[in-house]
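User: I am new to this structure. Please take me through it in short steps.

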Amino acid sequence: MLRRVARGDRAAFDELYERNAGWLAVRLRRRCGDPELAAEVLQDCFLTAWRSAAGFDPSRSVAGWLWTIATSRLIDAHRRRNVRIQPVGEPVDSAITAESAEDEVLARALSPELTRALHRLSPELRAVLQATVLDGRTVRETAELLGIPEGTVKTRARKARHILKEALA
């Protein structure tokens, strides 16, 4: 289907959208908590998919590819919202501030203790937890999404849970 999309086949693109827009919209709304932003990111995601379908690696999962695009667009959207332009005369170190989309969502949705404990995790461990726990992905889906073996997903998830357990005890 993506080969047809890459050739400009509008019907194939419509089919891609119909198959994937629903679950992407639900996950984006769950991730960011703002329905308008989720809708904007969903549009950006499919626009990017239309433009870059020729670069899709057919050995990968279409769903994983779309989710990767969507999360990148969500992070970009949050950064655009959080960037402050430096007024003249303000110190340089406060010129730009931007939290990641994940950090912003975690801060609003979770207890302060759990948020602090999650921030202690390495990015690799946090990515596995976000995919499996927050997004509800299986080990296989997480492995495809992150481009790592399933065993690595299991090991990182176990290590992350151990670190969180110690931090919250």
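User: What percentage of the residues in the protein chain is buried?
Analyst: This is a predicted model, so local features need pLDDT of at least 70, side-chain atom pairs count only at pLDDT 80 or more, and totals for chains, interfaces and linings use all residues. Residues are numbered from 1 along each chain as its sequence is written, and side-chain values use heavy atoms, with hydrogens and water left out. Buried means under 20% relative accessible area, exposed over 50%, and partly exposed in between (1.4 Å probe, protein chains only). Of the 169 residues in the protein chain, the buried share is 37%.

User: How many helices and strands does the protein chain have?
Analyst: Helices (H or I, at least four residues) and strands (E, at least two) are DSSP runs, numbered from the N terminus. From that end, the elements run α-α-α-α-α-α-α-α-α. The count is 9 helices and 0 strands.

User: Is Asn20 buried or exposed?
Analyst: Asn20 lies in helix H2 (residues 10-32). Its relative accessibility is 9%, so Asn20 counts as buried.

User: Which side chain does Asn20 join through a polar contact?
Analyst: A polar contact is a pair of N or O atoms within 3.5 Å; within protein, one must be able to donate a hydrogen and the other to accept it, and residues adjacent in sequence count only if both atoms are side-chain atoms. Contact means heavy atoms within 4.5 Å. Leaving aside neighbours within four places in sequence, Asn20 is in contact with Phe46 and Leu66. The polar contact, at 3.0 Å, joins the side chain of Asn20 to that of Trp23.

User: Within what arc do the buried residues of H6 fall?
Analyst: In helix H6 (residues 112-119), Thr115, Ala117 and Leu118 are buried. The arc is that of the directions from the helix axis to the C-beta atoms. Seen down the axis, the buried residues of H6 line one face of the helix, because they fall within an arc of 165°.
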